[in-house]
Amino acid sequence: MRSVFDVDVLVVGGGPIGLATACYAAEAGLSTVVAEPRSGPIDKACGEGLMPPAVAALGALGVDPAGRQLRGIRYRDAGHSVDAEFRSGPGRGVRRTVLHTALAKRAESSGVEMVPERVTEFRQSAGSVEASGITVRYLVAADGLHSPIRRVCGLEPTPARHARYGLRRHFQTAPWTDFVEVHWSAGSEAYVTPVDDGLVGVAILGPPGAGFEDRLAEFPELRDRLAGATAGPVRGAGPLRQAVRRRVAPGGRVLLVGDASGYVDALTGEGISVGLAQARALAACLAAGRPADYERRWRQVSRRSNLLTAGLLAARRNPLLGPRIVPAAGALPAVFAGAVRLITG
């Protein structure tokens, strides 16, 4: 066992936000260990579209993952199509595994130590946390939507009333757009993101109970465009909504970041952008020796995204407003462009 304070921060979970948290902590002068049992690039069901703030934040961190440049967001339904271009710089479609590899290399170059451990419990004292034989000042849970550490802390959210799930599949075909296309049906959305010259990712969000092919059938134009393309495996995630009460556990030395810290929905595609902002804020609070400040900072960096996502999701569920979202965007393109600017900075 290491001596107390030999390590400042133990990050549980080596996904993109866990690795980014470790990088920010190391930059701030904190000795950092990441515990992640899975080897190699870690894949996950997600839209894989990095919004401009995420591209900028990664660049400032020295991370430049390869991918396809994205010009904006396009909403489509059976009879309408409307585009809004990004104004703060391009986005980027990036395979999740490519993003993970780039962040892992950055963490390694920052002196972050990786240990192949699955951490599901810990012991906390007044001045330290012990987990998996490592004694540290702070433990950061970056272990996903269904965080075991969050559960141990007694911070599990109540089940969502309107559970939504995500399914993602890649198709080997040349991209036909440099926009993130969001196709809308009565109950689901399909996010089309070009991630390489010959690869397109399709993520479908909606209620539980249907498989990928059944969901794709709700979008006949998209289904027909993809017909004949070689398809990869289906990955799923959910339920997406995680209404976590707070981000700093009792005792003040265990903190939550990324999906583990709470999540509304993937509807606006801001997950990585917001997660990076949370990670940066968390590392700053720990470096200052003020972990209790993180709750306030988390709310500051997450509020706008959470409010926008919750509002759009509420409109989506409304039987009168839901079917009118894309037609309204087409009728009021300036309003749609303004909403995209709010989302993408």
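Trainee: How do the axes of helix 1 and helix 3 cross, and within what distance do they come?
Mentor: In this predicted model, the two axes come within 9 Å and cross at roughly 20 degrees. Because angles under 35 degrees count as roughly parallel, helix 1 is roughly parallel to helix 3.

Trainee: Is the crossing left-handed or right-handed?
Mentor: Helix 1 passes helix 3 in a left-handed crossing.

Trainee: Which residues meet there?
Mentor: Helix 1 contributes Pro 16, Leu 19, Ala 20, Cys 23 and Glu 27.

Trainee: Changing topic, how many residues has the largest nonpolar core?
Mentor: That core has 39 residues. Leu 50, Leu 103, Val 257, Leu 276, Leu 286 and Tyr 294 have the most contacts inside it.

Trainee: Which elements each supply at least two residues of this core?
Mentor: Among them are strand 1 (7-12), strand 11 (134-141), helix 3 (96-109) and helix 8 (294-317). Helix 1 supplies the largest share of this core, eight residues.

Trainee: What does Leu 276 touch?
Mentor: Leaving aside residues up to four places away in sequence, Leu 276 touches Ile 17, Ala 20, Tyr 24, Ala 54, Ala 57 and Leu 58.

Trainee: Which residues does the second core include?
Mentor: The second core is separate and has 26 residues, including Ala 84, Leu 145, Ile 325 and Val 340.

Key
Residues numbered from 1 in each chain as written. Predicted model: local features only at pLDDT ≥ 70, side-chain atom pairs only at ≥ 80, totals over all residues. Heavy atoms only, no water. Core = buried A, V, L, I, M, F, W, Y, C linked by side-chain atoms within 4.5 Å. Buried < 20%, exposed > 50% of the residue type's maximum accessible area, 1.4 Å probe, protein only. Helix = DSSP H or I, 4+ residues; strand = E, 2+ residues; numbered from the N terminus. Contact = heavy atoms within 4.5 Å. Axes fitted to C-alpha atoms, helices over the stretch in contact; angles between N-to-C directions. Parallel < 35°, antiparallel > 145°, perpendicular 65-115°, else oblique. Left-handed = near helix turned anticlockwise from the far one by under 90°.
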